[in-house]
Amino acid sequence: MLASKAHELIKELDRSRDTVLPPYNIETIRLCQLEANELFRQNYEDVQTVVQTNTDNSSATSAPTLMPTISIRHAAIQRIKRCLLAYVYHRMNKIKSLRWSIGPVLPEHMRNNLSIDELEFFSNYNQTLSSYMRSIGNNHSLDLTSFMIPPKKLFAHIKCIQDYGPYETSDGTIIQLTFNSEHYVLTSDAEHLIQRKIAEHIV
Amino acid sequence: MYEDYFSIDDILSTQERIRCQLLVDIPKLGFLESSSATATLNDEKKDHADEQNFSSLTANTKLELPYWMIYSICNCKTRFASLPELPLIYSRIQRQIFAADASVVDLAKQAAHFYRQGRHLLELNFDEKRQVAMTLLQTYQQRFRSIMDASFHLILSSDHHHHESMKQQTGKFERQEKILLMLGQAAFRDYDRLVNNETKQMLPPKIQGMTTDLTNVLNGGMNRKRKR
């Protein structure tokens, strides 16, 4: 059946929708491209013959028209194109969300699932994002990925969820972080501690 | 046809096969007719396989083709194929079942893309178009209540029994209904967070990452809804 490989690709995409990024399926993509090229070649030939018979005008009615064949092949080419583009597009979106959830450095097993172009895209996206984050937030950069909700207060009430020991806050005082102890610290410090899962925020 | 070009659901729903009858000869594409091709392939030798590939589909053969192919040959100036036959799930008998009680039909099993596929189908020309459209609408209206119920009540607990009953109730939902359910649950959860004054709480980034994933899903759902 025409474009069945492309459909396989989409089914694979559908199955992996809620999971981590599967390996880039280069073989199936190659096959799809070959199929599309082959269909295009055949169509090109048939269009040539159609044009020729039209100019000759001799056997216009006797030979069966090739138009249906051409239009079906054309539809198949478009279909393959659509599937391939959708495949790349969805992977791109996933890679983007990886940058926001995991961070600038991908673990090895994830890197192996990306194609060369995707790795390049990831590093470019990374650069764009980090240069943007450097440019905002007055003089020091602002990490947009860590806390996406703007702080409501200057200070925050936090509760320790592990024994950490002494911790120096940004204003220089040293606080003892022991299990279940509660502190009232600057929001920036609180963010830092929450991010590292040392403390949790009490509302 | 390409209202959401990149949507996985849309691509999958346009892959469903529909029967139709050809009106003209289609040269060189004999291999599309799977039944005859395989039958003769077994009889003849493999050498003839190439020949088989270039044989033509003759007029009046009945074929099962994917929707996208049907669309391309039915909706052009010179029609190549007759009116398509309705897939079983939209047939008259099935429509009567929907009319009787739409909520009992297991759409997840019978037609995972019921609404989408139906909507695509309406772009083709066939006799019972109006009835099919009405069935789609009424089915949605009847089933909507159970979706809403499920999204209000089947959250806020993680125990096993609850999970099972949720599976039982939402097992019959098709794709679009599941997206709707997820939207409803997320909205309900957000409302709950707001009421409990939890929106101000700062959370470690891991959970935040999950919520962004969720918002991606939600945005996708929103777009779909808006386009409908």
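## Around I80(A)

I80(A) touches A3(A), A6(A), C32(A), E35(A), A36(A) and L39(A), leaving aside residues up to four places away in sequence. Contact here means heavy atoms within 4.5 Å.

This is a predicted model: local features need pLDDT of at least 70, side-chain atom pairs count only at pLDDT 80 or more, and totals for chains, interfaces and linings use all residues. Residues are numbered from 1 along each chain as its sequence is written, chains are lettered from A and ligands numbered from 1 in the order in which they are written, and side-chain values use heavy atoms, with hydrogens and water left out.

## Nonpolar cores

The largest nonpolar core holds 54 residues. Such a core is a set of buried Ala, Val, Leu, Ile, Met, Phe, Trp, Tyr and Cys residues joined through side-chain atoms within 4.5 Å. Buried means under 20% relative accessible area, exposed over 50%, partly exposed in between (1.4 Å probe, protein chains only). L2(A), I10(A), I72(A), I80(A), F114(B) and L124(B) touch the most other members. α3(A) gives the most to this core, with nine residues.

## Fold of chain A

Chain A has six helices and five strands. Helices (H or I, at least four residues) and strands (E, at least two) are DSSP runs, numbered from the N terminus. Their order from the N terminus is α-α-α-α-α-β-β-β-β-α-β.

Of the 203 residues of chain A, 39% count as buried. Among its contacts between residues at least 6 apart in sequence, 61% join residues at least 24 apart.

## Interface with chain B

In all, 45 residues of chain A are in contact with 42 residues of chain B. The buried area is about 4,100 Å², and carbon and sulfur atoms give 67% of that. Buried area is the accessible area (1.4 Å probe) that two parts lose on being put together, summed over both. In chain A, M1(A), R79(A) and R82(A) lose the most area to chain B, together 19% of what that side buries.

Three salt bridges link the chains. Each is a side-chain nitrogen of Lys or Arg within 4 Å of a carboxyl oxygen of Asp or Glu. The side chains of R82(A) and D10(B) form a salt bridge at 2.8 Å, N to O. On the chain A side, α1 (4-15), α3 (67-101) and α6 (187-195) are the elements that give two or more residues. α3(A) supplies the largest share, 19 residues.
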